[in-house]
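Here are my notes on the interfaces in this model. Please read them with the structure open.

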Protein chains: 4
Amino acid sequence: MENQVKKAEGKLGILIPGLGAVASTLIAGVAAINKGLSKPIGSVSQMSTIRLGKRTENRNPLIKDFVPLAQLSDLVFGGWDIYEDNVYEAASKAKVLEQSQLDQVRETLEAIQPMKAVFDRDYVKNLDGTHVKQGTRRELANAVIEDIKSFKETNGCNRVVVLWCGSTEKYIEDFKEVDVYASLINFEKGLDEDDKRISPSMVYAYAAIKSGVPFVNGAPHLACDIPALVELAIIAEVAIAGKDFKTGQTLMKTIVAPGLQARALGVSGWFSTNILGNRDGLVLDNPENFRSKEVTKTGVLEDILDAKKSPDLYSDLYHKIRINYYPPHGDNKESWDNIDIFGWLGYKMQIKINFLCRDSILAAPVALDLALFIDLAQRAGLFGIQEWLSFYLKSPQTAPGLPPENDIFKQQIKFQNTLRHIMGEDLITHLGLDYYQELVESMI
Amino acid sequence: MENQVKKAEGKLGILIPGLGAVASTLIAGVAAINKGLSKPIGSVSQMSTIRLGKRTENRNPLIKDFVPLAQLSDLVFGGWDIYEDNVYEAASKAKVLEQSQLDQVRETLEAIQPMKAVFDRDYVKNLDGTHVKQGTRRELANAVIEDIKSFKETNGCNRVVVLWCGSTEKYIEDFKEVDVYASLINFEKGLDEDDKRISPSMVYAYAAIKSGVPFVNGAPHLACDIPALVELAIIAEVAIAGKDFKTGQTLMKTIVAPGLQARALGVSGWFSTNILGNRDGLVLDNPENFRSKEVTKTGVLEDILDAKKSPDLYSDLYHKIRINYYPPHGDNKESWDNIDIFGWLGYKMQIKINFLCRDSILAAPVALDLALFIDLAQRAGLFGIQEWLSFYLKSPQTAPGLPPENDIFKQQIKFQNTLRHIMGEDLITHLGLDYYQELVESMI
Amino acid sequence: MENQVKKAEGKLGILIPGLGAVASTLIAGVAAINKGLSKPIGSVSQMSTIRLGKRTENRNPLIKDFVPLAQLSDLVFGGWDIYEDNVYEAASKAKVLEQSQLDQVRETLEAIQPMKAVFDRDYVKNLDGTHVKQGTRRELANAVIEDIKSFKETNGCNRVVVLWCGSTEKYIEDFKEVDVYASLINFEKGLDEDDKRISPSMVYAYAAIKSGVPFVNGAPHLACDIPALVELAIIAEVAIAGKDFKTGQTLMKTIVAPGLQARALGVSGWFSTNILGNRDGLVLDNPENFRSKEVTKTGVLEDILDAKKSPDLYSDLYHKIRINYYPPHGDNKESWDNIDIFGWLGYKMQIKINFLCRDSILAAPVALDLALFIDLAQRAGLFGIQEWLSFYLKSPQTAPGLPPENDIFKQQIKFQNTLRHIMGEDLITHLGLDYYQELVESMI
Amino acid sequence: MENQVKKAEGKLGILIPGLGAVASTLIAGVAAINKGLSKPIGSVSQMSTIRLGKRTENRNPLIKDFVPLAQLSDLVFGGWDIYEDNVYEAASKAKVLEQSQLDQVRETLEAIQPMKAVFDRDYVKNLDGTHVKQGTRRELANAVIEDIKSFKETNGCNRVVVLWCGSTEKYIEDFKEVDVYASLINFEKGLDEDDKRISPSMVYAYAAIKSGVPFVNGAPHLACDIPALVELAIIAEVAIAGKDFKTGQTLMKTIVAPGLQARALGVSGWFSTNILGNRDGLVLDNPENFRSKEVTKTGVLEDILDAKKSPDLYSDLYHKIRINYYPPHGDNKESWDNIDIFGWLGYKMQIKINFLCRDSILAAPVALDLALFIDLAQRAGLFGIQEWLSFYLKSPQTAPGLPPENDIFKQQIKFQNTLRHIMGEDLITHLGLDYYQELVESMI
């Protein structure tokens with residue numbers, strides 16, 4: 001397959017709906033890294049190695065040296081926002097990075113002015129923006145298509161990807177029953193009729209895919225996962241992935257839960273609370289928006305700790321998640337988990353995990369990697385749903401009817417074996433009996 | 001390969017040097033389970049399912065229904081101890097299980113009287129036992145061989161395994177330089193000359209392997225991992241595995257560290273403290289014995305967070321481990337970890353994990369599984385070092401020169417793929433591109 | 001004053017509205033203690049000493065040996081409940097104490113049958129009881145007065161106290177504006193007219209005080225703190241105290257906050273979350289009932305960390321409290337607090353407190369002490385509001401216009417100096433310069 | 001007594017042996033505060049109010065407006081150190097304050113050059129300094145006396161105090177048996193004979209007191225608490241106080257333990273661990289020096305949780321303290337405490353406290369307050385041991401034979417009532433029955 005991957009030539013445009021804390025942290029970081037001022041810690045594409053061949057071969061190249069990814073120096077950023085702030089101003093208000101660090105890349109950041117956003121306050125109650133496009137759904141979609149085209153030309157980009165980093169939209173119940181989502185033909189009719197059930201993020205997703213541009217959804221609401229847009233992605237041969245960047249508490253959860261499951265330890269309760277004080281916290285203070293988050297956050301345990309497969313271990317699991325808006329912490333999101341487990345003969349034990357994390361610091365490299373890898377997927381001809389990127393996502397989009405894997409370690413193997421597959425390397429199974437065969441032979 | 005696995009017919013004897021807290025919790029538990037009073041939670045062999053074939057096939061049998069393991073009702077327990085207490089008395093003193101629970105299986109436990117132990121106080125300073133064998137190393141080894149033979153006959157066992165559950169012996173520096181460990185011929189000469197560098201646990205390991213009986217080392221000191229005994233295991237075609245049951249804090253560490261590594265997060269410090277008040281805590285209060293533990297506990301991070309592969313992420317990692325004897329907690333071992341990590345652009349975050357665990361409750365099912373699986377290995381013709389059992393071990397024994405995998409999730413895949421391999425099933429790589437190929441085809 | 005205190009002769013009846021977890025734990029405990037099976041740990045009246053005179057005098061009697069309290073063997077328990085369970089059944093369902101312990105005092109507990117309760121579901125939405133009295137407010141009050149009289153006679157009690165241990169009733173906004181609470185005359189008119197604004201707990205309080213019987217409110221809702229009942233207490237010369245037993249998280253809060261305040265450390269945020277799975281947790285899952293609790297829990301910090309006195313330290317304090325119904329923990333209430341503090345030059349620090357407590361185990365001795373001390377107050381002629389018992393209460397009732405002290409250490413001094421005052425001992429000021437005067441004199 | 005307090009006229013010199021992290025944080029802070037750049041958070045003398053009279057009088061002046069203290073603008077700092085760094089350099093190396101903050105007061109800090117120190121490496125094994133005085137103990141004492149005199153004259157100080165902020169010296173066993181400490185005559189003979197049992201800190205203390213200058217010991221080793229120096233302080237009519245600044249874990253311990261004791265809760269175990277990476281951590285990595293710390297840290301619980309007064313509650317208390325040198329945290333000392341408590345009928349509960357503190361940020365205002373208040377004591381004629389300053393000290397020095405109070409709240413009352421006493425205000429007992437007398441009278 002290796003020969004089929006197109007090279008990463010020229011510039012890659014990364015267009016972002018929502019130039020807030022995550023996006024500005026990403027953009028400022030890439031600028032600082034390109035200036036040699038800092039390092040892309042947390043970015044697997046840039047920092048991680050991948051084992052090739054047998055353990056004894058010692059072939060462990062950096063991933064970025066193994067697969068043909070866009071270089072950080074070839075990235076061009078742009079986007080849309082409901083506020084007029086340029087990226088320097090947005091980053092300063094977000095208070096994620098130190099001001100002195102922002103000042104080192106001030107010019108680069110100031111040059112990035114948001115385009116007017118597609119916005120409908122009904123989907124994000126706790127915010128109100130003024131820098132927004134007017135028009136019907138169809139007109140808005142056309143305007144975004146025009147934005148993408150114009151950005152690509154103006155900046156001389158060879159390729160573009162669109163990456164949702166905006167706020168969480170409200171939850172939509174039983175989306176499979178909604179006719180306007182059910183097929184491409186219905187959806188396009190809905191655009192024409194300005195159907196309010198089409199959310200702003202769906203408008204962006206449609207516009208991107210229609211433009212032949214990969215789309216990634218970093219938030220927990222519905223976007224490219226409706227049947228209409230999956231259909232469009234396959235027809236248009238465009239890669240898509242979603243949803244919800246896996247960071248913070250859920251990251252820890254999909255690390256720890258597989259460990260407990262691996263050892264057949266029972267879990268009777270998992271209480272998770274979060275405190276955060278950034279704009280994300282403010283949006284999630286609204287119950288309708290929190291509901292979107294709650295669904296993706298809750299689902300991960302049901303899959304990993306599967307009560308159907310192991311009723312003795314997990315059928316009584318009580319899982320509760322709370323998110324609390326707590327201004328004193330700003331972007332320094334913090335989680336506390338109480339996990340009630342039981343072992344041999346049912347004896348009870350407890351685990352408490354307190355994660356003093358930084359929301360956007362964890363999300364920025366995830367956003368970067370998703371942009372780089374979905375661009376790789378597109379060049380490798382892997383269109384439609386990219387489940388192998390589930391490694392980065394709280395609620396992975398999969399083929400209809402296929403249950404997702406939420407265990408981050410299975411996701412990691414899928415991710416790594418996909419890269420090996422793309423480059424024509426042997427897949428790794430960790431069997432490794434041959435090492436011992438050799439040992440025996442050496443002794444006889 | 002499936003056809004080559006001998007069936008698990010007749011009784012399996014499990015002979016244990018060290019009938020203390022772990023062993024008595026294991027034995028009492030199996031007795032209670034066999035009476036239908038309780039369940040073997042935490043035992044992967046009994047409780048876990050294994051996925052076979054594609055995700056959509058929904059083939060997830062229990063492991064015990066997939067591979068031919070000895071039944072719990074076919075197990076016969078025995079062992080050696082430096083104290084005369086029968087297993088009922090030992091379990092009562094250990095205070096791990098509730099007395100009312102022990103009383104339900106009192107007869108079974110009282111019937112198990114320890115044989116006199118091989119003991120040298122120079123190896124375990126904080127204990128002093130009276131129920132010990134006398135003689136030279138050679139005489140002691142012969143006595144243990146005789147014990148095994150006699151136990152097998154008396155109890156009508158079809159097969160036997162030996163499982164070290166005794167205290168941690170003192171640390172031995174640079175064991176590769178010690179001539180008496182270097183080859184079987186040297187070692188047997190050492191037995192004849194009563195060489196004090198041969199530890200009690202090595203005497204047991206030698207006796208077991210010489211008897212054709214698999215040996216597992218559940219403690220962190222040197223035993224079947226010296227070259228002489230690896231040689232003997234291969235010549236005698238006997239399965240061996242070591243070392244140190246992976247439970248508690250190290251279990252959590254090999255769960256959490258792979259998660260951080262998977263995401264290319266840097267780690268600058270990892271401080272681990274433990275409080276425990278059982279006999280294990282007392283033994284480890286002695287610096288020479290603690291040293292053995294410290295080495296196996298420390299090693300896990302060096303492999304998972306590999307500073308050679310990722311110097312920017314792990315070269316400054318400061319790792320410190322403390323174990324504190326704290327009588328108020330008895331067997332309720334508790335750990336607190338402070339983990340200093342850094343992400344995007346080097347920004348700092350912290351994770352605190354407080355594990356209120358129960359030492360023997362976690363160890364007992366691990367001991368059970370190791371006994372059952374090493375018996376399986378022996379029947380499957382997999383002799384010598386069983387690296388696939390590293391899933392259960394803090395410091396896995398591997399082929400000379402082969403670096404161990406400490407990441408519990410890689411160990412789990414190795415473990416599961418070995419089971420699939422033994423039974424002739426496809427190995428699982430988690431690639432899964434075919435699901436999407438089908439989706440595309442269904443749409444065209 | 002000492003001579004004015006009447007002796008604690010004869011039996012003391014303790015009548016409890018709400019024979020649930022707290023009450024049954026209290027009653028079972030007193031029964032076990034009276035049988036010599038256990039000790040009243042956590043009861044200051046029974047276990048604590050009090051310093052008298054100078055430090056060098058070494059006069060530290062037990063409080064129960066210093067002031068004339070009712071003996072535990074002279075207590076007689078009774079009460080009302082909306083369920084028919086006797087106290088043995090209620091204690092068994094509450095699962096606070098081990099069943100084997102309850103069985104040791106089974107007869108005593110089974111003998112205590114609840115009288116029918118005054119109940120109005122509008123005040124406690126999440127419960128529904130069948131064992132309830134019927135009638136107008138006036139008829140209910142008369143029935144309770146009759147119950148008290150009858151209990152006293154039947155059991156040959158010399159004195160009685162009434163102690164609310166029932167569920168939290170709903171919050172009442174601006175109670176000072178409610179005319180029916182404003183004066184005794186209005187209140188009695190309200191009883192006659194069956195005014196629904198009179199809550200069940202007010203009916204009990206009225207009946208008790210009217211009977212000349214002290215009343216204590218262990219829950220956070222309004223009861224004896226309305227002006228009408230304060231008026232009645234003074235006219236009838238009856239001691240009253242409220243409200244809300246100080247246990248668990250708030251206990252810790254009024255311990256830790258005074259320490260931070262003592263050292264002039266700033267506090268910018270205090271996030272408190274609780275998980276509990278008992279009936280109390282179920283009732284508080286209803287927002288109206290939670291509101292009562294929230295108000296008493298929140299108030300404590302406003303007084304201790306006083307933004308008016310120290311605006312630089314406390315004017316930005318963000319205080320948030322969450323209570324989560326979490327069945328896996330039952331009565332084992334657990335709290336986690338994150339406290340954001342700042343010190344010298346504004347540098348930030350954090351404190352995290354995780355309290356694995358047991359709700360009723362902490363509340364039972366508080367309930368006991370309040371019963372014993374309010375009986376003492378009554379005998380000492382201290383009628384009306386007993387602020388010196390604020391030591392035990394989350395939201396102390398004080399004289400109108402007098403701000404409460406929530407600092408548990410000031411409350412403790414008030415409590416101890418009140419006991420010293422009652423018994424004619426010198427009050428303690430901790431000045432202690434005299435010790436050093438003596439030292440100087442001894443050297444000259 | 002108020003009239004007897006001399007006014008705080010002119011400059012106050014604060015001379016500090018040990019110009020390291022604590023001292024440089026103090027000095028830089030005072031400079032920044034005097035420039036209006038920051039606030040003295042954590043300084044009770046500057047930030048706290050004190051209640052005078054009845055609660056209803058609302059008289060709550062700032063302490064600095066109530067008692068005549070030296071103004072921050074009248075302070076002049078100097079000191080001795082074993083390294084030549086000026087205070088700007090020392091503060092930069094300590095990395096407690098942000099460099100940008102230090103740069104704002106750079107000139108002031110650079111101007112403070114340490115005088116050569118009295119040093120004996122036998123007392124602080126892990127350090128080695130070059131900037132040290134030579135000579136016999138007598139010559140060293142004379143040199144320090146000369147330093148004090150010269151500093152006072154050069155800087156035009158009206159008064160001077162000496163404040164030990166240096167490293168912890170090694171522990172001295174059974175100091176009451178050491179003849180050279182037993183009396184002033186012996187001690188002065190020891191100085192003449194260069195007796196090595198006289199530590200550097202004793203030389204400073206002697207020199208200060210001999211110069212009529214108050215001395216405070218902020219470290220846990222022996223200094224002004226030997227009989228010889230108490231004798232000198234009384235004869236010379238000089239105020240002294242010790243020892244060991246109460247900050248961090250011990251501060252929390254003397255806050256939380258009194259709370260548990262107040263409520264008669266039993267304590268069976270208290271495990272305290274610390275991680276810190278500053279010079280203090282390095283010095284305490286040496287067992288002899290750690291021993292000094294361990295003794296002062298351990299003692300606090302023995303007094304507060306008194307097993308003699310309450311054997312049922314505290315006689316089984318197992319108290320263990322660990323300090324771990326952990327470079328990743330620098331001055332950001334962090335503690336984790338596990339507290340095992342028991343309540344009603346002996347039921348067990350646990351408290352976990354994780355304090356992410358900053359060592360020098362907590363210590364600096366304590367050092368400031370001690371300097372200001374011991375100067376007040378001297379002006380108020382309160383010479384000899386100042387037990388009322390125990391509020392700030394881990395191991396308070398008291399009159400021989402008088403047990404110390406470690407409960408921070410009793411210390412606080414002693415402290416506040418001493419201030420009231422000095423200024424002729426009524427002492428506060430918190431009795432407060434008069435408020436209720438008024439209420440009753442108003443109703444009749």
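How many salt bridges does the rule find across the interface of chain A and chain B? The points below take that up, then move on to chains C and D. Keep in mind that this is a predicted model.

1. **Salt bridges, A and B.** The rule finds 6 salt bridges across the interface of chain A and chain B. One of them joins E405(B) to R51(A). The closest N and O atoms of E405(B) and R51(A) are 3.7 Å apart. That pair counts because the cut-off for a salt bridge is 4 Å.

2. **Polar contacts and residue classes, A and B.** Between chain A and chain B, 38 residue pairs are in polar contact, both residues being at pLDDT 80 or more. The side of chain A that touches chain B has 59 nonpolar residues. Another 27 residues on that side are polar, and 16 are charged.

3. **Extent of the A and B contact.** Chain A puts 102 residues into the contact, and chain B puts in 102 residues. The area buried between the two chains is about 8700 Å². Carbon and sulfur atoms give 68% of that area. Look at R263(A), W344(A) and Y347(A): these residues supply 12% of the area that chain A buries against chain B.

4. **Strand pairing, A and B.** Strand β10 of chain A, residues 348–356, pairs with strand β10 of chain B, residues 348–356. The sense is antiparallel, over 7 bridges.

5. **Extent of the D and C contact.** Here the contact takes 102 residues from chain D and 102 residues from chain C. About 8700 Å² is buried between these chains, with 68% of it from carbon and sulfur atoms. R263(D), W344(D) and Y347(D) supply 12% of the area that chain D buries against chain C, more than any other three residues.

6. **Charged and polar links, D and C.** The rule finds 6 salt bridges across the interface of chain D and chain C. Among them is K39(C) with D312(D), whose closest N and O atoms are 2.9 Å apart. Residue pairs in polar contact number 38 between chain D and chain C, both residues at pLDDT 80 or more. On the side of chain D that touches chain C, there are 59 nonpolar, 27 polar and 16 charged residues.

7. **Strand pairing, C and D.** Strand β10 of chain C and strand β10 of chain D, each residues 348–356, pair in the antiparallel sense. The pairing runs over 7 bridges. K352(C) stands opposite N354(D) in β10(D).

How values were computed. Residues are numbered from 1 along each chain as its sequence is written. Chains are lettered from A and ligands numbered from 1 in the order in which they are written. This is a predicted model: local features need pLDDT of at least 70, side-chain atom pairs count only at pLDDT 80 or more; totals for chains, interfaces and linings use all residues. Side-chain values use heavy atoms; hydrogens and water are left out. Contact means heavy atoms within 4.5 Å. Buried area is the accessible area (1.4 Å probe) that two parts lose on being put together, summed over both. A salt bridge is a side-chain nitrogen of Lys or Arg within 4 Å of a carboxyl oxygen of Asp or Glu. A polar contact is a pair of N or O atoms within 3.5 Å; within protein, one must be able to donate a hydrogen and the other to accept it, and residues adjacent in sequence count only if both atoms are side-chain atoms. Ala, Val, Leu, Ile, Met, Phe, Trp, Tyr, Cys and Pro count as nonpolar, Asp, Glu, Lys and Arg as charged, and the others, Gly among them, as polar. Two strands pair if DSSP finds at least two bridges between them. Helices (H or I, at least four residues) and strands (E, at least two) are DSSP runs, numbered from the N terminus.
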